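Subject: Structure handover

Hello,

Here is the structure for your files. My notes follow below it.

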Amino acid sequence: MENAYKEKDKTPSARFVQEYQRNFLKGEAMPGLDFEYAFYKDNIDKIKLSDINAMAGKFISDQNRTIVVQAPEKDKANLPTEQTLLSWVKEAGHQVSAYVDKVSKEPLLAKTPTGSKVVSETKDAAIGTTTLKLGNGVKVVLKPTDFKNDQILINGYSFGGTSLASDADYPSASLAASSVNSSGVGNFTQIQLGKMLAGKNVAVSPYIAEATEGINGYAAPKDFETALQLIYLYFTQPRKDADTWQSNITQTKSFLANRSLDPNSVYQDTVAATLGNHNLRRMPVTAALLDQANQDKAFSFYKSRFADASGFTFTLVGNFDVEKVKPLLEQYLGSLPATNSKETYKNLGIHAPAGKITKEVYRGIGDKSTVQLVFSGDYAYNEDNNLQIDALEEILNIKLTERLREKEGGVYSPGVRAVYNKLPQSRYSVTVYFTCAPANVEKLINASMEEIEKLRQNGAEATDIQKFAAEEKRSTEVQLKENSFWIGKLSLASQNQENPDAVLQHITDLQKVTVQSTKETANKYMSGNNLIKLVLYPEKK
């Protein structure tokens, strides 16, 4: 409530509309945020533990309980009777000792690090950023904004990731960051850490992707130092918890137990395996794969990925003053370990196979099919090509909606998704997807290919280009006033070694999308030479 109150002058219009709707449709009161915040502040501390326990006793009883048992038809004869179920419930909790709340009174950091000073500073007036280099090699890109009153977004990355793990160690490496993230940090378990951070608007979590490792987080300005302390601890004092590890493995295995019975899961696993060329790192997770994972190996891999901060770049966007946060950055980020190892990622060459491939999955009994048509290949990553492929995606969305849903009337939700990356190697994919009746699959695939061929022969219609340009212009205008957009744009520009100022030219560059450019783009990226068709059908009788 405090966070909402501090952002009340930045509240999106949609939230007001939603409140008006609830007031009109459901009679929900809308006294305004000032009243609601004051009400919470004045009353929340009056709630006693005994009040909560009384509520539990009132609402959770044997007078209002419904027990539902779901099982396969073949197991019906072996299911427990009603009397057996009730006896289990009655006996539950006997001889269970009361939960003991182990609240730690230790400070988050026992000793404050000394840090290292800023050794260089550059400014980019065009987009309002300041870039600092600290004595230990850590780079920090700062963009102060007034888009939110109570928000600072944080991202840090360096190159390496799971690409540096061997195939044999990959099952362990893939679980390394999530294992540490759910184990707490320093001397605090995850539960103790949550209690310590109660009342603070802050969160920090490490990640390890294929080509990078890093930190994501956010904080209110008043809790920014806490966020930096957490970052410092995730580098220097990650925590290993055997119980948490085993619990996560057990829960994942339980989730996987019936995954093969879900048609959509089998289909998505087939999609992932096919597009990943059946590489071990793109195959679905299995119980056997989890059995290969080892906590000691995972923890060791995590520590190796965060042992050298000299290659890290941190980006901060939000409500802060550069000069005021500089001493904190020097103290905490400037204290991160640095060995100047100059590590980078390995290009493992994992991508969709070339050529024309069709994969059909037969699962389930519902009268519905799911279709994906995936065009892919090598890509020259730059601003101009990115713009043209974005335009192709939106124009194809318009045409396929008109053709497949409005004209053919045969699909539920057609769409087009274009993805392009520079790292670990420059590749693109354009995916056409829709769901339909199994009998209409071939007809609608042919209709989709006809629309693509029209683009290849004639380019886009001028009206569709105008629609794309208008929507993209408005979208960009909105995004340029959002912290989340800038944290992503600045981080990606750093990774790809791009000029972040190019975003200011984006709206002007929209005029580069023409009938001729859309024709050339469609021919370049959707020739059909590399086309993978993936179709889910119901099981054959």
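Buried residues make up 40% of the 541 residues in the protein chain. Buried means under 20% relative accessible area, exposed means over 50%, and partly exposed lies in between (1.4 Å probe, protein chains only). This is a predicted model: local features need pLDDT of at least 70, side-chain atom pairs count only at pLDDT 80 or more, and totals for chains, interfaces and linings use all residues. Residues are numbered from 1 along each chain as its sequence is written, and side-chain values use heavy atoms, with hydrogens and water left out.

**Overall**

The protein chain has 20 helices and 12 strands. These are DSSP runs (helices H or I, at least four residues; strands E, at least two), numbered from the N terminus. The C-alpha trace spans about 75 × 70 × 60 Å along its principal axes.

**Cavity**

There is one cavity of 30 Å³ or more. A cavity is a set of points on a 1 Å grid over the protein atoms alone, where a 1.4 Å probe fits but cannot get out; lining residues have an atom within 4 Å of a point. The volume of the largest cavity is about 30 Å³. Its lining is Ala176, Ser179, Val180, Arg239, Lys240, Asp241, Gln295, Ala298 and Phe299. Two or more of these residues come from each of α7 (176-181) and α13 (295-305).

**Nonpolar patch**

Met1, Phe35, Phe39, Tyr40, Ile44, Ile47, Leu49 and Ile52 make a nonpolar surface patch of about 850 Å². Patch residues have over 30% relative accessible area and no salt bridge, with nonpolar side chains (Val, Leu, Ile, Met, Phe, Trp, Tyr) joined within 5 Å and like charges within 9 Å. Areas are Shrake-Rupley with a 1.4 Å probe. α3 gives the most, three residues. Ile47 sits in the loop between α3 and α4.

**Salt bridges**

The count is 33 salt bridges, each a side-chain nitrogen of Lys or Arg within 4 Å of a carboxyl oxygen of Asp or Glu.

- Lys253 pairs with Asp291, closest N and O atoms 2.5 Å apart. This pair links distant parts of the chain, α10 (residues 242-256) and α12 (residues 287-292), 38 residues apart. Lys253 is partly exposed at 29% relative accessibility, and Asp291 is exposed at 54%.
- Lys473 and Glu477 meet at 2.7 Å, N to O. They are four residues apart in α17 (residues 462-479), so about one helical turn separates them.

Best wishes

Key. On a 1 Å grid over the protein atoms alone, a cavity is a set of points where a 1.4 Å probe fits but cannot get out, and a pocket is an open set with protein on both sides within 12 Å along at least five of seven lines; lining residues have an atom within 4 Å of a point. Grid points are joined across faces, edges and corners, and a volume is the space filled by probe spheres set on the points.
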